[in-house]
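Good morning, and thank you for the time.

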Amino acid sequence: MATMTTLGNSLMTGIALSLGLEESYFFDRYTTDPLILFRIFNYPPQPLNNESESNLGVGEHTDYGLLTILGQDRSGGLEIKAKSRWVAAPPIPNSFVCNIGDMLDRMTGGSYLSTPHRVRNLAGHNRLSFPFFFDPNFSAEIEPITIGADANDNKEERWDRASVHEFSGTYGDYLLNKVSKVFPELRRKVL
Ligand SMILES: O=C(O)CCC(=O)C(=O)O
């Protein structure tokens, strides 16, 4: 977890430099104490003749935070949406896929768009993936980098039709709101 956190911070340093910001921009504001989560997903094989949305391993979505650093086994099946087309993101030995999350989209006014992705396991056997979610501190207020500038809002094209740019508040506010929508029962019982 510590090594992956260091990797997340290194990637964010590169992204800060790419935006012309000081290299510790994200670290100072959001990831000195990041919210991190590691999961292992198992995808049972899906029937080859049924590719309906309800039969996907996981349907189209974007992740909520900054970056997801994802390891996957050799099965394949991860797809990302680029310019309205689904493109395979097959495993490359000794590498991770890195998905951009909604908070980086929000902060950068859409310069770094969060990555719509989905999984179809057509390998004929179980597929394992290993996402590490590297996200802002739960209590951090999320601020656009260029305050007042017009964002490139792609709400009409987003999977949930929800604008990331209309949101203001802490990362925790954003996360709990999203999780409550996906798991309404959890909201009723726990929140
Ligand atoms: O299993 C995968 O390849 C993707 C998992 C996923 O959708 C996610 O990490 O948000």
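The lining of the largest pocket divides into 18 nonpolar, ten polar and five charged residues; here Ala, Val, Leu, Ile, Met, Phe, Trp, Tyr, Cys and Pro count as nonpolar, Asp, Glu, Lys and Arg as charged, and the others, Gly among them, as polar. This is a predicted model, in which local features need pLDDT of at least 70 and side-chain atom pairs count only at pLDDT 80 or more, while totals for chains, interfaces and linings use all residues. Residues are numbered from 1 along each chain as its sequence is written, and side-chain values use heavy atoms, without hydrogens and water.

A pocket is an open set of points on a 1 Å grid over the protein atoms alone, where a 1.4 Å probe fits, with protein on both sides within 12 Å along at least five of seven lines; lining residues have an atom within 4 Å of a point. Strand 9 gives the most to the lining of the largest pocket, with five residues; strands are DSSP runs of E, at least two residues long, numbered from the N terminus.

Turning to the second largest pocket, 15 residues line it, and Lys81, Lys83, Pro116, Asn154 and Glu157 lie nearest its centre. Strand 5 is its greatest contributor, with three residues.

How does strand 5 pair, and with which strands? Strand 5 (residues 78–82) pairs with strand 8 (residues 117–119) in the antiparallel sense over three bridges, where pairing requires at least two bridges found by DSSP. Ile80 stands opposite His117 there. With strand 6 (residues 85–88), strand 5 pairs in the antiparallel sense over four bridges, and Ala82 stands opposite Arg85.
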